[in-house]
Each structure stands twice: as C-alpha cells, then as structure tokens.
Amino acid sequence: MKINENFFNLSENYLFSTVGAKVSAYQKAHPEKKVIKLSIGDVTCPLAPSVIAAMHRAVDDLARAETFKGYGPDRYCYGYDVLIDSIKGSYARKGVALSSDEIFISDGAKSDLGNLLDLFSADNTALIPDPVYPVYVDTNVMAGRKVVFANANEGNMFLPMPDEKVQSDIIYICSPNNPTGAAYDRVQLKAWVDHAIRHGAIILYDAAYEYFITDPALPRSIFEIEGARECAIEICSYSKTAGFTGVRCGYTVVPNTLKRGGALLNRLWARRQSTKFNGASYIAQMGAAAVFTEEGEREIAVNIDRYRGNAKRISECLEGLGIWFTGGKNSPYLWMKCPRGMKSWEFFDHLLERANVVGTPGSGFGKNGEGFFRLTAFGTPENTREACQRLGEILK
Ligand code: MLT
C-alpha cells in the first residue's frame, strides 16, 4: 500500500493550527493573562436576527412530516431554489446576470477551493500569489501539482500583475486579499482576465471578502469584468459576510460558458459535487437565504460596520506608531510591517509575550510575507480597543 507522499511536502501543520497551539501553550503557562486574539479571521458578531428566525423556521419544518426535508433537491446539486434565487438577486444588484444552474451551494469557500482541483489534471501548473491564504498552496501540494508564485510585495502594493513569461493553467486571485487586504480595481482585474484568456488558463477567484468593499472603483465580483465568464470560477462565502464560520454555507459560481479541453466545467463540477458531496444542511441554507433579503442585508451591514470600525481603529493605531501597512479599508485584514526589522514569528512571540495580543505571522502566508504580520478586524470593539492600547504601549 502506498500513501500520497505529496503530504510529506507540506509543512507539518496548517498555519492556524500552529498559531492556535502556540497560544494554547502560552495561555496554559499564564492562565492569569487575558490574551486577545486578532489572528484567525473568525467572526465575533452573532448571526443577524432574520437569519436566526429563518433557521428556527427551518428547524420547525424538520419537526413536521408535511414539511420535513431529507436530501436537498437534485436539480441544483442540493441547493434550494430560495437560496439560489437570493444569490442571483445579489449578483443582479452588482450588474451580473447568472442562471440558477451556475450557482452551486456548498459548506463553504475553503472546501470548494480544495475540491475544485478535482477538475484539473495534476500536470497543470498553478500560479499563486505570494503571500496568500495557505489553502491554495497546500491543496495543490497535496495533489502533487507544480506551483509557481506571483510576487506580491511592497513595490506593487501586494497586487501582482500578470507576467507574460510565466506559464500557468490555474491562476488564483483573492481580492480583497487574504492576508494583505489589498484589492484589485477593474483595470487590473481586466488585465488578469485578458491574460487568462490569452493563455487558456482558469482563474479561481476567491471573493470571500467582497462584502467589505466600499470603494465603488473596486469590483465585487470577477464577473463584473468583461470576458470573465470565459475564464473564471468565483468562490464565495457567508462566513465573513454574515458570520457563518460555524454554520457553514458558501457558494461557487461556475459559468455555463466556461470550456476547457472540450469540456464544460460547469457540468464537470456538477458531476463532482453530486458524487462526492451531499449538500449544505437545510437549516444552514435557509439561514443563508435570509442574508440577501432587504432585512438581512440591513442587519448584516450593522455587523460589517462594526468590523470596519475595528479596522479603522487598528489603522489609526498603526499610523500613530508610524508603521507601514496595507488593507483595513476594503478589507477586514491589516497587513503591517513588523517593527524594528523583526521577523514575523519573532514579532508574533514579542506581541504575545509582551502585550498578550495574537496576530498571524506573515511568513505563514508565503516567503514574501516574512517581516510582515496580519491583524484582523473581526474581534469585538472592546478587545480591539484594548489590543491597540497594548500595541501602543509596547511599540511607542
Ligand atoms: C483566515 O484567518 O485567514 C481565515 O479565517 C481562514 C479561513 O477563512 O479559512
């Protein structure tokens, strides 16, 4: 019996597991300390009232024989019409028309990002920004796929542009970016779309943070860009938009015009999902369907504003300390340069031990992340305020 030896090419632990283990060890050794976590992008606001009400109604449906639900509907790979229609409505408000069979409901963006790779040969090359969300690299390494990197750095404000000399088949774009918070404008994204079409590549566009965009110059979906239907798949999440990190629900858009190697990718994905996936739970889907209603959008806007307030507070703190950073404007992440030339993990330890504040070391997102550090705005306003105060005290 042979196992998948590609796993030996991964770092021993997933980034956030390493951070979590370090924090637990510190907390165990210092139970009296109040540690503030601004590390993993996990939400702190409770679910919106209309989402809760919809989920309660869904539970009641499951309690009665007349309304009970088993497996989700086959037609759209277990996605319920009411949810698919609400997603179509939210795209229509961005000026993007989708048909129902282009929307695939899932248990979240992270799973879809990994699972989508089933569609592509292991011989393909993946182009992945460095630094970026580690799931992109790790899932490709697990499959033994060749990975090349797009250099994101201070010089390009962490927004690398296509390089005609670099050949790749699968291109990852995350905008607003995790971890840097940087976001592409329409012109930049059009350049990526044109590049992908020219090279016959597919863009996997991670739009998990699109709801944080306030600048109208920035697209919230790659399908706002002409040509994207011929080269892109968009992966979306309710986690950060509506606080579903624990509920689990997301969606992926695979245009039914997207063809490679003589195959319609939409059909391949439908085939993959109907074989290996049984849908997100009815309760989660009904909760998600309440998110893009008028009332739901009004309610989640309050939560997002709270996170924006945190981002503003952290930005002001970093500005006050004279620390270079990106993000925080159209993104819940702030990507700061480690002070005094410290390396990422060195600053992690410094901050944990001296201020009892946890962030995520930039080097965990790629080699270009060395010397940088990520803070999230997903904490509570009270903790964020206190963390900034502590940061100010140790770094002034
Ligand atoms: C992060 O902190 O980068 C995210 O929360 C991870 C995720 O969404 O899986």
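Author: One definition comes before the rest: Ala, Val, Leu, Ile, Met, Phe, Trp, Tyr, Cys and Pro count as nonpolar, Asp, Glu, Lys and Arg as charged, and the others, Gly among them, as polar. This is a predicted model, in which local features need pLDDT of at least 70 and side-chain atom pairs count only at pLDDT 80 or more, while totals for chains, interfaces and linings use all residues. Residues are numbered from 1 along each chain as its sequence is written, and side-chain values use heavy atoms, with hydrogens and water left out.

Reader: How many cavities of 30 Å³ or more does a search of the whole structure find?

Author: The general idea is that rolling a probe the size of a water molecule over the atoms shows where empty space is left. Here a cavity is a set of points, on a 1 Å grid over the protein atoms alone, where a 1.4 Å probe fits but cannot get out; lining residues have an atom within 4 Å of a point. Grid points are joined across faces, edges and corners, and a volume is the space filled by probe spheres set on the points. The search finds three cavities of 30 Å³ or more.

Reader: How does the lining of the largest cavity divide into nonpolar, polar and charged residues?

Author: There are 13 nonpolar residues, one polar and no charged. To place them, note that helices (H or I, at least four residues) and strands (E, at least two) are DSSP runs, numbered from the N terminus. Strands β3 (125–130) and β5 (170–174) each supply at least two residues of this lining, and β5 gives the largest share, four residues.

Reader: Which residues line the second largest cavity?

Author: That cavity holds about 40 Å³ of space, and its lining consists of Val-43, Cys-45, Pro-46, Lys-240, Thr-241, Ala-242, Gly-243, Asn-303 and Tyr-307. They divide into five nonpolar, three polar and one charged. Helix α7 (239–242) gives the most, three residues, and α10 (294–321) also supplies at least two.

Reader: Why does the second largest cavity lie between domain 1 and domain 2?

Author: Domain bounds come from an automatic or database domain assignment. Domain 1 (5–46 + 304–395) and domain 2 (49–294) both give residues to the lining, so the cavity lies between them.

Reader: Now helices. What span should α8 have, and how far apart are its end C-alpha atoms?

Author: The expected span of a helix is 1.5 Å times one less than its number of residues. Helix α8 (residues 265–276) has 12 residues and should span 16 Å, which agrees with the 16 Å between its end C-alpha atoms.

Reader: Which residues of α8 are buried?

Author: Buried means under 20% relative accessible area, exposed over 50%, and partly exposed in between (1.4 Å probe, protein chains only). In α8 the buried residues are Leu-265, Asn-266, Trp-269, Ala-270, Arg-272 and Gln-273. Seen down the helix axis they fall within an arc of 165°, so they line one face of α8; the arc is that of the directions from the axis to the C-beta atoms. The face turned away from the buried side carries the exposed residues Arg-271 and Thr-275.

Reader: Which residues of α2 are buried, for a second case?

Author: In α2 they are Ser-50, Val-51, Ala-54, Met-55, Ala-58 and Asp-61. These cover an arc of only 135° around the axis, which puts them on the same side of α2. Exposed Pro-49, His-56 and Ala-63 sit on the face turned away from that side.

Reader: Last, the backbone. Which peptide bonds are cis?

Author: Most residues other than glycine have a negative phi, and most peptide bonds are trans. In this model the bond from Asp-130 to Pro-131 is cis, with omega near 5°, and Pro-131 is in the loop between β3 and α5 (134–142). Another cis bond joins Asn-178 and Pro-179, with omega about 20°; Pro-179 is in the loop between β5 and α6 (186–199).

Reader: Is Cys-77, with its positive phi, buried or exposed?

Author: Cys-77 has a phi of about 50° although it is not a glycine, and it is buried, with a relative accessible area of 8%. Its place is in the loop between α2 (49–63) and α3. Met-157 also has a positive phi, near 55°, but at 44% relative accessibility Met-157 counts as partly exposed.

Note on methods:
1 Å grid on protein atoms, 1.4 Å probe; cavity = no way out; pocket = protein on both sides within 12 Å on 5 of 7 lines; lining within 4 Å.
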